[in-house]
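Have a go at each task before you read its solution.

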Amino acid sequence: MRALLPVLAAVLFLGAAARDAADAWIDATMLPPLAAETSVEVLDRHGTLLRAYTVEDGRWRLAASPDRVDPLYLRMLVAYEDRRFRSHPGIDALALLRAAGQALAHGRIVSGGSTLSMQTARLLEDSGTGRWAGKLRQMRVALALERRIGKDGILALYLARAPFGGNLEGIAAGSLAWFGKPPARLSPAEAALLVALPQSPETRRPDRAADAARAARDRVLARMAEAGGVKP
């Protein structure tokens, strides 16, 4: 028993050192700019949008925040994209292991392991998803975002930056363009389409690929039904 004590002490020391090194690595992360220019909006006296202007890069990027979005959409987004969003530190180890196992079993990528935090990191830096260096950077930025702005801040960034086809950026622009209304009140079908669009915004555009858009929407609705539904 005594012979094991030095080994145990060494293991604990190395574990603490590794944890401290990881903390320092995350804390030293240089984050991309979090603020982004939003479209100038012209409203009537009741707050109804009359007109909006594109930002300098030609995109429609309207201001959005979680409290201005239908809770149904938010629940569907988390349930479909990252059901452990509220509990993981930015990286979901279980999802990564599942994705790796499926890739090995099928010889191709079947599902991704990206969390909403990682997807937000990718949107902030406009980086790809295919290379390991890019994926590692997304993980690092996701971990740093979790520490610096928290879950609600990450969700707000995703809502403002997610692509919805063409030059539409953010949930507000997407909802106005495709449904003619702000995202404060959405039907289950509308919410499902807005959940599905950012994953492949050009191939699922309702105006150019109605069948693909409908199929993607239905997959979200089916997943929700299998999981017991997401109540409005």
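**Exercise 1: a surface patch**

Which residues form a nonpolar patch on the surface?

Solution. Bear in mind that this is a predicted model. Start with the members of the patch: Val-40, Val-42, Leu-50 and Tyr-53. Together they have about 360 Å² of accessible area. Next, locate Val-40, which sits in the loop between helix H1 (4-27) and strand E1 (41-43). Finally, check its class: the relative accessible area of Val-40 is 56%, and exposed means over 50%, so Val-40 is exposed.

**Exercise 2: the span of a helix**

Work out what helix H9 (residues 210-226) should span at 1.5 Å a residue, and compare that with the distance between its end C-alpha atoms.

Solution. Count the residues of H9 to begin with: there are 17. The expected span is 1.5 Å times one less than the number of residues, which gives 24 Å for H9. The end C-alpha atoms of H9 are 24 Å apart, in agreement with that value. Just after H9, Gly-228 takes a positive phi of about 100 degrees.

**Exercise 3: salt bridges**

How many salt bridges does a search of the whole structure find, and are Glu-146 and Lys-151 buried or exposed?

Solution. The search finds 13 salt bridges. One of them joins Glu-146 and Lys-151, with the closest N and O atoms 2.9 Å apart. Buried means under 20% relative accessible area; Glu-146 has 13%, so Glu-146 is buried, and Lys-151 has 14%, so Lys-151 is buried. Now try Arg-84 and Asp-92, whose side chains meet at 2.9 Å, N to O; Asp-92 is buried at 6% relative accessibility. For Asp-218 and Arg-217, the N to O distance is 3.0 Å. Asp-218 is partly exposed at 34%, and Arg-217 is partly exposed at 25%. Finish with a network of salt bridges, which links Asp-57, Arg-59, Arg-61 and Glu-169.

Terms used: Residues numbered from 1 in each chain as written. Predicted model: local features only at pLDDT ≥ 70, side-chain atom pairs only at ≥ 80, totals over all residues. Heavy atoms only, no water. Helix = DSSP H or I, 4+ residues; strand = E, 2+ residues; numbered from the N terminus. Patch = residues over 30% accessible without salt bridge, like charges linked within 9 Å, V, L, I, M, F, W, Y side chains within 5 Å. Areas by Shrake-Rupley, 256 points an atom, 1.4 Å probe, with all protein chains shown as cover. Salt bridge = Lys/Arg side-chain N within 4 Å of Asp/Glu carboxyl O. Buried < 20%, exposed > 50% of the residue type's maximum accessible area, 1.4 Å probe, protein only.
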